[in-house]
Amino acid sequence: MKVAILGYGTVGSGVFEIMRSNQDGISRRAGEEVEVKYVLDLRDFPGDPVEDVLVHDFKQIVDDPEVGVVVEVMGGVEKAYSFVKEALLTGKSVCTSNKELVAKHGAELLEIAKQKKKNFLFEASVGGGIPIIRPLNQSLTADEIREVTGVLNGTTNYMLTKMRDEDAEFDDVLADAQAKGYAERNPSADVEGFDAGRKIAILTSLACGMQVDYEDIYTEGITKISKTDIAYAKAAGVNIKLFGTSRRVDGRVYAMVAPYMVGKEHPLYAVDDVFNAILVRGNFLGDIMFYGKGAGKLPTASAVVSDVVDAVKHRETNVMTIWNSRKLELAELDTLENKFFVRVPESEKQKAQQLFAVEREVRAEGIEGEYAFFTRPMTEGDFALAAAKTEVISRIRAEI
C-alpha cells in the first residue's frame with residue numbers, strides 16, 4: 001500500500017518519521033507492506049530524507065493508482081477540503097488531523113467515503129494521541145451517551161495550571177506559553193475557546209449522529225480569568241478548567257465551551273499542565289475517561305498513523321460512522337442548570353443573598369471589599385435575570 005502525505009509541517013514530518021522508523025511494525029499490523037510514496041509541500045527541504053519523495057503537485061498524487069491512502073495534515077479548510085474530497089472521489093481513503101475540516105465538512109466527507117467503499121478517518125482531530133473517536137464510533141455503541149466533557153486544549157490547561165501554581169497573571173503565563181511553543185503568536189483560537197469548540201462539535205456530532213455546527217456552540221474562553229479568581233479557587237479547594245461539554249437532558253442536547261470550577265471529586269480535577277482528558281458518561285456504562293497528551297508532533301502523528309493502518313486493513317470496506325448531514329438544533333442554554341461562583345462588591349452582599357440561593361460563601365486571604373459565593377443549581381436564564389439586578393464582578397460556572 002502506497003501512502004501520500006499532504007503537508008510537511010509539524011504533524012506531517014511526524015507522520016513521515018514514524019512511518020519510516022516503524023515501517024516493519026506498521027506493515028505487520030496492517031497485514032501488508034505500507035510505505036510513503038509521496039509527500040506534498042510547496043517548500044523544498046534540502047538535506048532532509050523527505051527529498052526522495054517530495055512533490056509539489058497534488059495532481060501527481062491523485063492520478064497515481066498505486067496511492068491507496070492520503071494523509072491530510074496541511075491545516076486550514078479551503079485547500080484541504082478540495083484535496084480530500086478529490087482523493088475520496090478517486091477511490092482513495094483519507095486520514096486527517098484537521099479538526100477545522102472535520103468539524104465543517106465531516107458528514108459530507110464520510111458520506112462520499114461510504115459511497116466509494118473507502119474510509120475517512122480522523123482520530124487525531126480531537127485529543128491528539130488520545131484515542132476517543134474510535135471508541136465513540138465502535139466501542140461505546142451499546143450505550144446512549146448522556147454527556148461528553150473534556151479538557152480539550154492543552155495550551156489553556158497549561159496556562160491555568162501555571163496561574164495556580166505560580167500565582168501568576170494571565171498575560172505573563174500567555175507569554176510563557178508562547179515562548180515554549182504551546183501558544184501561537186495569535187493565541188485567540190486557544191484562549192478564546194474556538195479550538196475546544198471545534199473539538200466538542202465533532203464529539204457531539206459523533207455522539208448524536210447528526211451535524212453540530214461549531215458556530216452554534218456557546219463559546220467562552222479563559223481571557224477573563226484573573227489572579228483573583230485563582231486565589232478564590234485555591235481558598236475553596238477547587239481548580240479552574242476550560243471545559244468543552246455536551247449534555248443530553250430530557251431529550252435536548254446542550255453544548256458549550258466555558259471555564260468551570262471543579263471540586264476534588266470531579267474526574268477532571270487533577271488534569272494539569274498540557275494534558276487533555278475526555279469524560280464520557282453513558283446511561284449504562286457510567287463514567288469512562290480518556291487521558292493523555294492532546295497535542296504535539298509525535299502524539300498527534302501516532303494517532304494519524306493508527307488511522308493509516310486501519311485504512312489499509314479496511315481497504316475495500318467502509319468502517320461505518322453514524323454522522324449524517326442533518327443538522328442537530330442545540331437547545332437554548334437558558335434552560336440548562338449549573339452552579340455558579342459569583343463575586344460582587346461587599347456593598348451588594350445583602351442584595352446578592354436575596355437574588356441568589358447561596359450555597360457556600362468563600363473568603364480568600366488578602367482580598368477585601370468583595371463578597372464571593374457559590375450558588376445552588378439554577379438555570380442559565382435565571383442566573384442572567386438575577387445578575388442583571390446587581391453588580392457582578394465576575395462569574396464562573398461550577399461543578400462541585
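Guide: In this predicted model, contact means heavy atoms within 4.5 Å. By that criterion, and leaving aside neighbours within four places in sequence, Phe-120 is in contact with residues including Val-84, Leu-88, Val-102 and Leu-110.

Visitor: Which residues have the most contacts inside the largest nonpolar core?

Guide: Phe-120 is one of them, together with Ile-61 and Leu-203, in a core of 83 residues. Helix α5 (residues 99-115) supplies the largest share of this core, eight residues. Another core, of 32 residues, lies apart from it and has Phe-45 and Val-304 among its members.

Visitor: Why is the pair of Phe-275 and Tyr-291 called stacked?

Guide: Rings pair if their centres lie within 6.5 Å, and planes under 30 degrees apart count as stacked. The centres here are 5.1 Å apart and the planes stand at 5 degrees, so the pair is stacked. Phe-275 belongs to strand β11 and Tyr-291 to strand β12, so the pair ties together parts that are 16 residues apart in sequence.

Visitor: How do you know whether Phe-356 is buried or exposed?

Guide: Buried means under 20%; Phe-356 has 3% relative accessibility and therefore counts as buried. Phe-373, at 0%, is buried.

Visitor: What makes the pair of Phe-356 and Phe-373 tilted?

Guide: Planes under 30 degrees apart count as stacked, over 60 as edge-to-face and the rest as tilted. With 50 degrees between the planes and 5.6 Å centre to centre, Phe-356 and Phe-373 form a tilted pair.

Notes
Residues numbered from 1 in each chain as written. Predicted model: local features only at pLDDT ≥ 70, side-chain atom pairs only at ≥ 80, totals over all residues. Heavy atoms only, no water. Core = buried A, V, L, I, M, F, W, Y, C linked by side-chain atoms within 4.5 Å. Buried < 20%, exposed > 50% of the residue type's maximum accessible area, 1.4 Å probe, protein only. Helix = DSSP H or I, 4+ residues; strand = E, 2+ residues; numbered from the N terminus. Phe/Tyr/Trp six-rings, centres within 6.5 Å; stacked < 30°, edge-to-face > 60°.
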